[in-house]
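Please examine the charged side chains of the chain shown here.

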Amino acid sequence: MNKIFQRDIAQFDLLALLNQAGSFEDARPQLLEASRNFLNLQTAAICRFHRSGAGGRAVTQALTLLFDTLNRQLYSAAAWQVESTSVAHCSLFALGGYGRSEMNPRSDLDLMFYYTEGGKQAAEKISDRMLYLLWDLNLDVGYSVRSASDCLEQASQDITVRTAMLDARFLIENLPVWNDFFARVFRHVQGDNTQNFIKAKLEENQERRRKYGSSVYLLEPNIKEGEGGLRDLHAALWIAQIKFKARSLCDLVVKGVLNGKEAEEIESAYDFLWKIRNELHFLATRKSDQIQFDHQSKIADFLGYKDNKRAPAVEQFMQNYYTHAAFVEHLASSLIIKATQRDEAKPGVLGFFVRRNLEDGFSILRGEIRCDSDERFRENPALIMKAFELAQRHDAELSVSLKLHIRENLNLINDRVRRSKEINESFLRILRYPKRVGSSLRQMHHLHLLNHFIPEFKRIFCKVQFDLYHIYTVDIHSLFAIEEICRLWEGEYDTDYPLLARLAKDVAKRELLLLAVLLHDIGKGEGKDHATQGASMIPTIARRLGLNREDSLRLQFLVQNHLAMVHISQRRDLHDRRTITDFAARMSGMSENLRMLYLLTFADVRSVGPDVWSEWKGQLLQELYEKTYDLLEKGDFFHEKRSEKVRNRKRKVRSALLEDFPDSRVNRCIANLSTRYLLSYHSVEIIKHLQLSLGRGKQTLALDVEQHSEHNYTQVTLATLDSPGLFAQIAGVMSAHAINILGAQIHTRKNGLVLDVLQVDSATGAAVEDAEKWQRVERDLAGVLEGRVFIEDLLARKKIPGFMLKREKPQRPSRIDISNDVSDQYTVIDIYAHDRIGLLYDITHTLTELGLYIAVSKISTKVDQAADVFYVRDIFGQKIGQPEKLQKIEDDLLACLELA
């Protein structure tokens, strides 16, 4: 590459074109064409060099050389026929990333035209000529024309300007001008007000993380600005350069700030990030440093990752990226701490500044835990865990030197140490302590102690799931879930979730619940069916931790069943007696199993991502918990009261309805109610339903809207006559008005009257409170039922224009699961598909065409993945049992899901 590049550089001579022209303006078209050809040719060659396997640094160096050559040629051409004595007093500098020789394919060119006394006119003339050529080449150029006084004034006012000049690099050989810049500008930029600079940079760092994400583990990370990205390394090196008056990484090694290994690790980190950023820029049609979904698979393929049994290639790549990013964050933080930590203060009279000796050679000074000897951990590796226990107990931080010492000695934690009573009791005491559990575990994770103490946890370290639902990596999700449980204990949720808060405080063994939360997804490092995979690891982990048999079995039960409550509450009919009975049977007769599973489920869902938990989902979970708890505690008595409940409800409903309706109509109405319906609702709800139905008169439709704003949903009750495809029509109208159906209970009486109860929300996940919108819904639905309005016309109005279509997202194959074992009365169809406008209408319309009647529907959408369930029967009111009919249902539904 270098030989070819050097030859092409020698042939690229813009001055030769100028000598053939009469003036710069006459030669401008030829200069532009020659520059564009050179730039395109060399960029393509560098892309091939990159794709052939070149390292990140090699490609950035090649790109830097390309732009150096272009800018030097353009500068010389722009200086042609400009008064030579004036040109002698100006020069060209590369600043920022270009100054650091870190050019990526779509990096900005940051140029400074610097002049000394007598060179201003030449600098302005040259910059004017040169910049127009660069802009015509479609390059992103940041530029300035400055003298020494300009540089100092702007650097004092703008931290970004000062930072850029720290990386200044000479492009045009002019030693007197360089000496002037170094003496009059650079010394001051590097040496003045260092504390203010460092403080400003630290504040800038915090602001950047607020803007681009304060976690390494974001779904689509920004490789430049995000945590663990290039800017973390830049910021650390800028601060170190200012603090230690160093110009480069090599200088920091010479000055003893870094050792050779640390410098190599930083260089390696740069190379890894540059290689990915180079590929990202070569793939993109415009500048972007966010590793978006549509690029992640392509980058994984470029880097040579292959699908395997444990994970797809893209997930392996992103896991590797997050692992590197976490290490980059550690490298950057360690260097910043070295540059900012205060010198050891002498003991004073105030407690904060007085060293207090603790146990096992540890002490506390200025709010930090310290260790008196580097040999302590070698003599007793269990003291590594003790350091975290002491920090938690004394509300202190680990000192920088202690953190580094812990990292250096993690290899001492072998299987013998993991099984030792001392380290396990220390860990369990950390979990039992009422404060700082979450932060202690996060610190253990950050310093990689969790990976060494629980080797199985290492399999999910930085583990990625390639979808829009899981916002964080598996390990970080588990740590966030720990913090959700701690919030329940600390009283933060006493008002919002009083039942959960009370149950959490009643848990006898807090450490066992926290272990279940920490380990619930541990099987995700092993491939499919992660709940079973994770549960199979628990006996080994429990033995190492010294748990008794009862605790080990409960921990295994919680990991094995941690998905059950979400699945059943969101995808099963909670009014179905068998659903509750089967779920209660899993609890082995123990309410404590149910209580801890409910708490684990709450923490799990709350910590998946910011928009995953909803009050509607919370209400379903609570309903499942309460019904199962009643069954576990009351047993057969719970079932014996069913017939008594039905009689009492009929009596109350009849008495209330007789106030408004004739005796004969009320009796006929109640006689047509099914036992299932009467047990599904309280008397007050049934009275409202029947008042709506009986009051409909000769109208096609009666509709009632009830707001549940505190739970972010609206309940809609519809009364009408039964007709083929009724629910499909309802679904189509709701979709046309951008209303999401969360759940639907469909009650068709023997006399052909229908009462449908729907729970819905808006596209933003809130209750639908616009009264005028509901009037339009009622008008359109009545029109559809009467045959005056067509669903297809309503949906057509909601089609998204092509220019508004969202970019590519990861999609999973559609799937249909059909079961006759879930319910005694219905065939249950589970549908998994990519969500789109009109999907629910298409599904329900297909079910109607198949001659199926929908009794219950639950609709769930995980970001862009629909997971819908339908309880259906055939026209004779029976389950569907014939294999050929079941196959046709599956085939027709899959065909409907593939519709554009």
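This is a predicted model: local features need pLDDT of at least 70, side-chain atom pairs count only at pLDDT 80 or more; totals for chains, interfaces and linings use all residues.

## Overall count and a network

Across the whole structure, a search finds 48 salt bridges. Some charged residues take part in a linked arrangement: Glu-359, Lys-386, Glu-389, Arg-393 and Arg-429 are joined in a network of salt bridges.

## Pairs with buried residues

Arg-208 and Asp-232 meet through their side chains in a salt bridge, with an N to O distance of 2.9 Å. This pair links distant parts of the chain, since Arg-208 belongs to helix α11 (residues 194–212) and Asp-232 to helix α12 (residues 230–244), the two residues being 24 residues apart. Both Arg-208 and Asp-232 are buried.

A salt bridge also forms between the side chains of Arg-100 and Glu-102, at 3.0 Å from N to O. Glu-102 has a relative accessible area of 10% and is therefore buried, as this value falls under the 20% cut-off.

## A partly exposed pair

Asp-494 forms a salt bridge with Lys-505, and their closest N and O atoms are 2.8 Å apart. Because Asp-494 lies in the loop between α24 (474–489) and α25 (498–506), whereas Lys-505 lies in helix α25, the pair ties together parts that are 11 residues apart in sequence.

Asp-494 is partly exposed, with a relative accessible area of 34%, and Lys-505, at 37% relative accessibility, also counts as partly exposed.

How values were computed: Residues are numbered from 1 along each chain as its sequence is written. Side-chain values use heavy atoms; hydrogens and water are left out. A salt bridge is a side-chain nitrogen of Lys or Arg within 4 Å of a carboxyl oxygen of Asp or Glu. Buried means under 20% relative accessible area, exposed over 50%, partly exposed in between (1.4 Å probe, protein chains only). Helices (H or I, at least four residues) and strands (E, at least two) are DSSP runs, numbered from the N terminus.
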